[in-house]
Amino acid sequence: MAGMGFREVKKAVLASLANGRYQHAARGSIDTKNLLQAGLVTAPEVADVIRRCRGQHHRQTPHHQIAGLDVHVLIRDGWYIKLYLVLDGTIFISVHRQSGEPPRSRS
Amino acid sequence: MKLYRKGEKGEAVCEECAKLVSTTFDYRDVPFEDGLGTVKGILAAVCDDCDRVVATPPQSTPAIRRAREVATRPVEISVPAPYVEILDLALYRINARATAEHRKVLLTYFANKVAGDPDPKAVVQGLVTRSKAFSASLGRVPRRRLSFKVTPRSHALISSLADAASASRTDLLSGLIMQIENDLVRPDKPKGMAEVEAAMAAAYA
């Protein structure tokens, strides 16, 4: 899914978060720094952050292993969201606070 | 809301195979990357080529969260900002790429060091006295939250050190930060740096 502009990426990721067609990358194990995967932040909360993103909050680079696959990074309000898009949705590589501070505990 | 099912096909990057692969959803036990526990029997996307777990769907997140809570214990304290700055400065001296995640490694390293002293209670009480004097000298500064998850063993160690000295966890950890300041921040040549570096490297091997 190469060559998509920011607006298309934003629309696709928001659609994924709304309809549940997303997954979290796992290299054989679970990285707890992905707060969405770990259940420490919700999909609507992440969607709120993404909605506030504009072009200047978006970076796009080729995947270090796979030619033709772009990795997207959204940085906004202290949030760092890294993902790539596949045919059936979004795969989040990381969703975390840049300061390293976790979100408030959820009981 | 999409519900993924066993046997369903998808695609994802497999870093082991270094390519975009087709995947099949199946139930697997998946460990946490930091070694603190395993999530049992969750639905995961498995690489069709190498059989490795390459992704998890949202429906597995509640089980991931529960497994994490069982495998770890939270530590949350509120301290004046300079304490966090001292901790981060010490980490920066050890490794300029250290992140907030490393704070707990450094604190538990020093907790273990204190526990190994012939009289840990006296050490903790001395450090707590020093930290109270330091806090009193700070004036009006913002407060910061230090929050991390540790193994049940480290949590028990922190609790037992605090209890033995009749101190709170906040006082104990503030005291440990005073020791970190003394050993790693203040001196031009930090004390015991090689051991600390080795411990940090081992924690994230």
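This is a predicted model: local features need pLDDT of at least 70, side-chain atom pairs count only at pLDDT 80 or more; totals for chains, interfaces and linings use all residues.
In soluble globular proteins, nonpolar side chains tend to be buried together.

Chain B contains seven helices and six strands. Followed along the sequence, these elements of chain B occur in the pattern β-β-β-β-α-β-α-α-α-β-α-α-α. Chain B has 205 residues, of which 36% count as buried. Among the contacts in chain B with a separation of 6 or more, 63% are between residues 24 or more positions apart.

Chain B also meets chain A. To this contact chain B gives 37 residues and chain A gives 32 residues. On the side of chain B that touches chain A, at least two residues come from each of the following: strand E1 (9-14), strand E2 (19-31), strand E3 (38-47), strand E4 (53-56), helix H1 (61-71), strand E5 (73-80) and strand E6 (143-150). H1(B) supplies the largest share of that side, five residues. Sorted by class, the side of chain B that touches chain A comprises 20 nonpolar, five polar and 12 charged residues.

Within chain A, a pair of helices deserves attention. Two packed helices are described by the angle between their axes and the distance between the axes. Helix H1 (residues 6-19) of chain A packs with helix H2 (residues 43-51) of chain A at an angle of about 165 degrees, and their axes are 10 Å apart. Because of that angle, H1(A) is roughly antiparallel to H2(A). The crossing in which H1(A) passes H2(A) is left-handed. From H1(A), the residues A:Lys10, A:Val13, A:Leu14 and A:Leu17 meet A:Ala43, A:Val46, A:Ala47, A:Ile50 and A:Arg51 of H2(A). Of the residues in this contact of H1(A) with H2(A), seven are nonpolar, none is polar and two are charged.

Definitions and conventions
Residues are numbered from 1 along each chain as its sequence is written. Chains are lettered from A and ligands numbered from 1 in the order in which they are written. Axes are lines fitted to C-alpha atoms, for helices over the stretch in contact, and angles run from 0 to 180 degrees between N-to-C directions. Helices (H or I, at least four residues) and strands (E, at least two) are DSSP runs, numbered from the N terminus. Angles under 35 degrees count as roughly parallel, over 145 as roughly antiparallel, 65 to 115 as roughly perpendicular and the rest as oblique. A crossing is left-handed if the near helix is turned anticlockwise from the far one by less than a right angle, and right-handed if clockwise. Two residues are in contact if their C-beta atoms, placed from the backbone, lie within 7 Å. Ala, Val, Leu, Ile, Met, Phe, Trp, Tyr, Cys and Pro count as nonpolar, Asp, Glu, Lys and Arg as charged, and the others, Gly among them, as polar. A residue is buried if 20 or more other C-beta atoms lie within 10 Å of its own, exposed if 12 or fewer, and partly exposed in between; C-beta atoms are placed from the backbone.
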